[in-house]
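Here are my notes on the model, point by point. Please read them with the structure open.

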Amino acid sequence: MGAEEKEKTNPREDDGEIRIGVYVCHCGLNIAGSVDCGEVAKFAATLPHVVWAQDNRYTCSDQGQEQIKKDIKEHKLNRVVVASCSPRLHEPTFRKTCEDAGLNKYLFEMANIREHCSWVHLYDRQSATEKAKDLVKMAVAKAARLQSAKEIEVPIIRKALVIGGGVAGIQAALDLADTGYKVYLVEKEPSIGGMMARIDKTFPTMDCSICILAPKMSDVGHHPNIELLANSEVTDVKGYIGNFHVKILKRPRFVKNDCSACGECSKVCPVIAPNKFDAGLAIRHAIYTPFAQAVPSTYIIDMNLCLNKDGVTVCDKCMKACERQAIDFEMKPETVEIDVGTIIVAIGADVFDPSSLQNYGYGKYLNVITSLEFERLINAGGPSGGHLIRPSDLEIPRRVAFIQCVGSRSDKSGRLYCSNVCCMNTIKDSLLIKEHWPETEIHVFYVDIRAYGKGFEDLYKRARKEGVLFIRGLPAEIVEDRKTHNLWLVGENTLQKELYKVNVDMAILSVGLEPRKDSEPIQRLLTLSRTQDGFFMEAHPKLRPVDAATGGIFFAGCAESPKDIKDSVTQASAAAARAGILMAKGKVTVEAITPIFYPERCKVCGLCAKVCPYNAIVLNKELKRVELVKAACGGCGTCAAECPFDALTQDHFTDEQIISQIDAVTESDADKKIVAFCCNWCAYAGADFAGVSRMQYPPSVRIIRTMCSGRVAPKFVERAFARGAAAVLVAGCHPGDCHYINANYQTQKRVERLWKKMEQQGLDKERLQLLWASAAEGERFASKIREMNRLVEKVSPEEINNAKKVFEKALGGD
Amino acid sequence: MEASKALVPKEDIRKLLDGEKLEHCFECGICTASCSIADLLGKDYNPRNLLEKIFLNPDAVLASYEPWLCAWCYRCYKRCPQGLKLPEIFLYMRTAAVKNAFTQPLEIAFEKIVDNIPLSIVTTLVCFHPERAGLEIKKILDMIEHIRIEHLKKLKKKKTVKSSGEKIAVIGSGPAGLTVASELARKGHKITIFEAFSEPGGMLRKCIPEYRLPKWVLAKEIQFIEDLGVEIKTGVKVGEDVNFDDLRKGNYRAIFIGTGANKSQAFKIEGGDLEGVIHAIEFLWNANYKEKVKVGKDVVVIGGGNVAMDTAKTALRLNADKVTILYRRSKEEMPAIPWEVKEAENEGVKIEFLVAPKKILGKNGKVSAVECVRIQLGEPDESGRRKPTPIEGSEFTRETDMVILAIGEIPDLGFLPKEIELNEDNTVWVNPITMETSVEGIFAGGDAVTGPATIIEAIRAGKRAAESIENYVKSLAR
Amino acid sequence: MPERIRHAPLDMGKATFPKAKIQLIKDQCKGCGFCIRFCPQKVLEESQEINARGVHPPKIVDESKCLACGFCTAVCPDFAIFIIEKPSKEDVKNG
Ligand SMILES: Cc1cc2nc3c(=O)[nH]c(=O)nc-3n(C[C@H](O)[C@H](O)[C@H](O)COP(=O)(O)OP(=O)(O)OC[C@H]3O[C@@H](n4cnc5c(N)ncnc54)[C@H](O)[C@@H]3O)c2cc1C
Ligand SMILES: Cc1cc2nc3c(=O)[nH]c(=O)nc-3n(C[C@H](O)[C@H](O)[C@H](O)COP(=O)(O)OP(=O)(O)OC[C@H]3O[C@@H](n4cnc5c(N)ncnc54)[C@H](O)[C@@H]3O)c2cc1C
Ligand code: SF4
Ligand code: SF4
Ligand code: SF4
Ligand code: SF4
């Protein structure tokens, strides 16, 4: 595929007279509260090409939409602009409205006067109204240059990949497999099961955890549609929604599938080590299975431990013991390559390591343990066979304390959020102790007990009834009595306002959950974003809670946020359903935001091919031309920004369209304005978040949305300055978090080049700013604008003029 | 709801609580349980509760004595999961109270201090610091002395306690030892303090600079205690002049070890024996005792604790032109009390972080420069502290004519018999609740148990120990 | 599970390890060093001694680490080292 002309689907709409309809939404009082919508609509009516303008209470309501449809017909509108909320919220709604009325959806444009205007300038009605007018002007200017487009359709591979085999991953895999899709389940540990396999009973029902999980695990092992890849890791992901090409590294087990899990090998193995599955509280051999119900049940040799680690078969005890001759020291790592259409990420969470809290002495005092260690301790399959014993003397403790919120809800010693499961887990554990050893004295030191779910309050009440003592106030320190290894807990009972000194035999730190420390490769390979907490970020917290922002990828379980088993399973089924919907459709449309190529201008320099993160442009040296693979294009537009000869532009974000927006901003009072280019996924979303959070900042900024900051060509920045803008902001995702793999590296390079130029020309380079802000960093965005506004107030007319002169060339063509 | 009428704007409170970062108190009580004053004063002082009062109704707190009772040890801050700087929030309230002429609360606070805390004048000057709110020291001293005298009058009116005839030995006359002595003397016991040094008072006498604690104030405090019938034998070093076992064999019913942490930590560095290199404790001692103390023009202090701050400030007062502190970690990790650091910086002390000395260079046997290396902090280790590692090739030399080593003090416990168990860091192990050592009838407290800490913590330990000794002696009598 | 293990296994006492008495026939050793090189537990080391054949025979550094795999016996070309297995319940430090 070489040169490709732009397809024109509906020439009637594009050619001839441009007739724009503008709708200014009140959004109840959300916008009308600080913007005079009537005035904005009146202003819109005066703009070129606008043949119809009105304000209404809720444009997104059925009524509002019907009105638009009616007007399209009645007033022969061939472009529609809605000034309301963020396009990230309602663009799909209005595009559909246009389509219903027979208007190509790419002829629709939005002005964000809520998140970017009324909500962030709550107390300055006049400036907010002026800014809203500007935003509408920009949208109208772009609308006049919009062109209809047809989306290409890509087939979806009807296979799914599930990463992580905890209860969430297991549920998602089973649901999809039962629906009839082929599923690959990748688990990095030797067995699936995750955290749930390690805990004893589960709240609130007090079911035996492994008893309810094991049947599901074995279903996974036997399901004809599931291919389980345990002891494996995803090493590479290429492609896009519907067509992911994935590489998986399968580490050798050194035991073949012929293994019948008889365990004879383990008995003769001379080497031992602490079993990680048991939190190190029990021993295992170099050849082992982490726990009795493991799936796959095939044993595994820990090669860091085996006497044959150096590649010489020194010891063959297990080999001799194995009747089925399943042991194979020659096994090598294998790379498996698969193609899938959807991916579910279910990598779970880690538990907080309390070693850093010196005042609790974890790691120093034998009888201070974590709640996870406790789970293994009280588990019949654990090291003590389910007998509650304490580490120092293996005796039954008579007095036990639980300490809540360890590593949670604290900025300084742990994480800011509440970990959701620890309160109920402690209540469950206290009841377990009471069940078997009713005489045990149990103290629970807490700040708030969060028993928010179904059946939780009942369980809490039961614990109180059983005589568990709940004391509000955390110990300030734990000190050990050297002789007995008993512990003193010193703290304040904050309800009684009295200090307590409580002596116990064992203390259990109820540790929180935190994002997996080793999840960075997954984040990078799938270009996912995280919230401030560090968990993966969903596309919308309420309406798309299991979708990743990247198409075709979904979340399940604790990978998305700390949650209990029930919520993990619910979310897993939801993710399976979402993935299933896509695969059932069998195809997906790719937004028409791919490059438009003008071969006659191309000098075959190959720069575009170099910067394309998806290899969607290839330099064919033999035929001396560049070739474009639209289906592989991610839609960042960085090629268009790179091409020195204007041979490339991006559909729906053409040079002409963006320039018209810049010109609209700078038409009046340019010297008091900041022109901001924000990428759709991070910076624009971050500005939305600032709006949602009502963070206030000065009204001098005008945001132009691009899909990626990599689309921002230097000429856009130059043009803004040439037209007298006081300052320019280019904002995108943090390096490494780029939604388009690494397109924002180009952004950085381009901005650095511009800085250099400005410096050489004696301009204040501070007037051009680069910001990395994630979708969760509203405050970062807001404070950047505050900072830049101080700059705007300082910039002198001479400086503005100097910049105009320096960048004069950028006006070329006018 | 008229915000403009409020004496303390809620905005300010929000700022102090760092509202934007979502750091706010969630009432865990860790601060109160860590606070020595809360322990000493019981229900009269509760920093957590006070903070909540400030949050709910700051204006009402201006009339309360509570903000004046914080002793600036920053223990609450070090442990608070939200990192709230309680002492500084309280200082804000104190300042607002002074601005709005609420002085009555301070008087009530002094009454509580005098009632409950031995060495009340000393602690007012070196712990409670009411002057930081903008009051004159002279006025403060007058006020507290007056209250003290009234208090004594009241005491005298009460019947004198009967002598119990029990003898108790106290080793060391620092704040811990003096507290034990005064508490037990009031119970009618006969107390003998053994003090190695020629004058009583411990660190208060030896090292805390005169400008912070005038000698006459300390002398007066000790006189109060002697008036209770306490005998102080100065110049008697246990282990040299008298054996520990002799004390045990003598007819003392109980022994208290309050020997502090007075030994400079050994520090092996090339050039450490050059003229002009001195340990901080020795330097401060000289400053307190000698008429004329030699101080360099360009002084380098090595260390990051309170002693380093005092040393630097003292050197400035002794007319050093320039004083620089080198500390190998970052400001966050500094063990010194944040306020002391701020004060030192305000007085003109320069602090360089993430720098460690490699060797001290000399000319003709005298210090001429320090060779330093820059430090990088690694990942937090098992204990949660970030490990400092030198950055290779970042060495540089700094000229100087005096190097003061303030790298920490450790207890000198060679005189103790083996049965008394020690901790790994060479401090005395005690039952934290009773302050009893591993040997029955022998108690310990203060810096000897905690390592270098604060006066108020030594007093608190002394009070706890005194209670336990009283119980112990009673149990023997039964 | 990148968790840090902070407690020793509770059932350490129950662990059994094969134990062996290592027999060295020093004067039969020709100093090839195979046993030293291949012992997975690094039980052997070259000694400073000079034997009848004029070479340095191995010496036993820590017999308690030996897990009785018998590989030294197998590789020794001159039958200068062999082990006598003796089951034991003692604790052994593991690499
Ligand atoms: C001490 C404790 C007690 C609890 N008690 C209860 C209870 O009583 N009731 C209740 O409802 N909930 C309880 N929970 C919460 C419960 O454990 C979780 O809700 C549940 O395990 C979450 O399942 P998951 O599949 O999301 O994650 P996990 O169970 O953590 O599973 C994630 C899986 O992904 C694998 N993985 C990680 N990274 C990768 C990678 N890069 N590639 C491939 N695989 C990877 C992991 O090895 C693991 O197998 C408790 C939690 C803790 C810590
Ligand atoms: C320079 C400096 C400044 C300080 N500033 C402050 C401050 O501003 N605020 C604050 O709260 N804290 C401050 N401190 C800390 C405070 O001084 C100590 O925490 C406190 O003095 C400890 O009291 P103590 O009774 O345990 O020991 P010490 O005060 O050290 O008293 C121990 C006494 O025991 C004697 N002794 C030791 N061995 C023997 C023996 N074998 N026989 C007999 N006697 C013996 C010693 O001579 C000494 O007099 C400062 C410390 C220093 C060094
Ligand atoms: S070969 Fe390795 S796994 Fe097998 S018994 Fe020997 S040490 Fe154990
Ligand atoms: S320690 Fe901090 S969070 Fe806890 S009660 Fe005190 S101030 Fe509040
Ligand atoms: S600084 Fe010390 S005295 Fe003041 S409140 Fe905190 S712990 Fe108490
Ligand atoms: S038997 Fe195995 S472990 Fe023992 S010394 Fe020989 S080679 Fe080493």
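1. In this predicted model, helix H15 (residues 280-289) of chain B packs against helix H16 (residues 306-317) of chain B at an angle of about 45 degrees. Their axes are 10 Å apart. An angle between 35 and 65 degrees falls in the oblique class, so H15(B) and H16(B) are oblique to each other. H15(B) passes H16(B) in a left-handed crossing.

2. Which residues make the meeting of H15(B) and H16(B)? From H15(B) come Ala280(B), Phe283(B), Leu284(B) and Ala287(B). H16(B) answers with Val307(B), Asp310(B), Thr311(B), Thr314(B) and Ala315(B). By class, this contact has six nonpolar residues, two polar and one charged.

3. H15(B) also has a sheet to look at. The helix lies across S6 and S14 of chain B. Its direction is about 85 degrees to S6(B).

4. That brings in the sheet itself. Five strands of chain B form an open sheet in the order S6-S14-S7-S8-S9, and the pairing is parallel. Strand S6 (277-279) and strand S9 (350-352) of chain B are the edges, each pairing on one side only. On average, neighbouring strands of this sheet are turned by 25 degrees against each other, direction ignored.

5. Look at one pair in that sheet. S6(B) and strand S14 (residues 402-405) of chain B run parallel and are joined by three bridges. His279(B) has Leu405(B) in S14(B) as its bridge partner. Strands of a sheet pair through backbone hydrogen bonds.

6. Chain A has an open sheet of five strands too, in the order S20-S27-S21-S22-S23, with parallel pairing. Strand S20 (368-370) and strand S23 (469-472) of chain A are its edge strands, and each pairs on one side only. Here neighbouring strands are turned by 25 degrees against each other on average, direction ignored.

7. Within the chain A sheet, five bridges join strand S21 (residues 399-406) to strand S27 (residues 506-511) of chain A. The two strands run parallel. Ala401(A) has Ala507(A) in S27(A) as its bridge partner. Helix H12 (residues 422-436) of chain A lies across S21, strand S22 (441-446), S23 and S27 of chain A. H12 runs at about 170 degrees to S21(A).

8. Now a hairpin in chain A. Strand S34 (residues 617-620) and strand S35 (residues 625-628) of chain A pair in the antiparallel sense over four bridges. Val618(A) stands opposite Glu627(A) in S35(A). How many residues lie between the strands of the hairpin of S34(A) and S35(A)? There are four residues between them. In this hairpin, Lys624(A) takes a positive phi near 50 degrees.

9. Back to chain B, for two further helix pairs. Helix H8 (residues 104-116) and helix H9 (residues 120-128) of chain B pack at an angle of about 120 degrees, with axes 9 Å apart. H8(B) and H9(B) are therefore oblique to each other. Their crossing is right-handed. H8(B) contributes Phe110(B), Ile113(B) and Val114(B) to the contact, while H9(B) contributes Ser120(B), Thr123(B), Thr124(B) and Phe128(B). Four of these contact residues are nonpolar and three are polar, with no charged residue.

10. Helix H10 (residues 137-157) and helix H13 (residues 215-227) of chain B pack at an angle of about 10 degrees. Their axes are 14 Å apart. Are H10(B) and H13(B) roughly parallel or oblique to each other? Angles under 35 degrees count as roughly parallel, so H10(B) and H13(B) are roughly parallel to each other.

11. The side chains belong with that geometry. Leu141(B), Glu145(B), Arg148(B) and Leu152(B) of H10(B) meet Trp216(B), Lys220(B), Glu221(B) and Phe224(B) of H13(B). This contact has four nonpolar and four charged residues, and no polar ones.

Definitions and conventions. Residues are numbered from 1 along each chain as its sequence is written. Chains are lettered from A and ligands numbered from 1 in the order in which they are written. This is a predicted model: local features need pLDDT of at least 70, side-chain atom pairs count only at pLDDT 80 or more; totals for chains, interfaces and linings use all residues. Side-chain values use heavy atoms; hydrogens and water are left out. Axes are lines fitted to C-alpha atoms, for helices over the stretch in contact, and angles run from 0 to 180 degrees between N-to-C directions. Angles under 35 degrees count as roughly parallel, over 145 as roughly antiparallel, 65 to 115 as roughly perpendicular and the rest as oblique. A crossing is left-handed if the near helix is turned anticlockwise from the far one by less than a right angle, and right-handed if clockwise. Contact means heavy atoms within 4.5 Å. Ala, Val, Leu, Ile, Met, Phe, Trp, Tyr, Cys and Pro count as nonpolar, Asp, Glu, Lys and Arg as charged, and the others, Gly among them, as polar. Two strands pair if DSSP finds at least two bridges between them.
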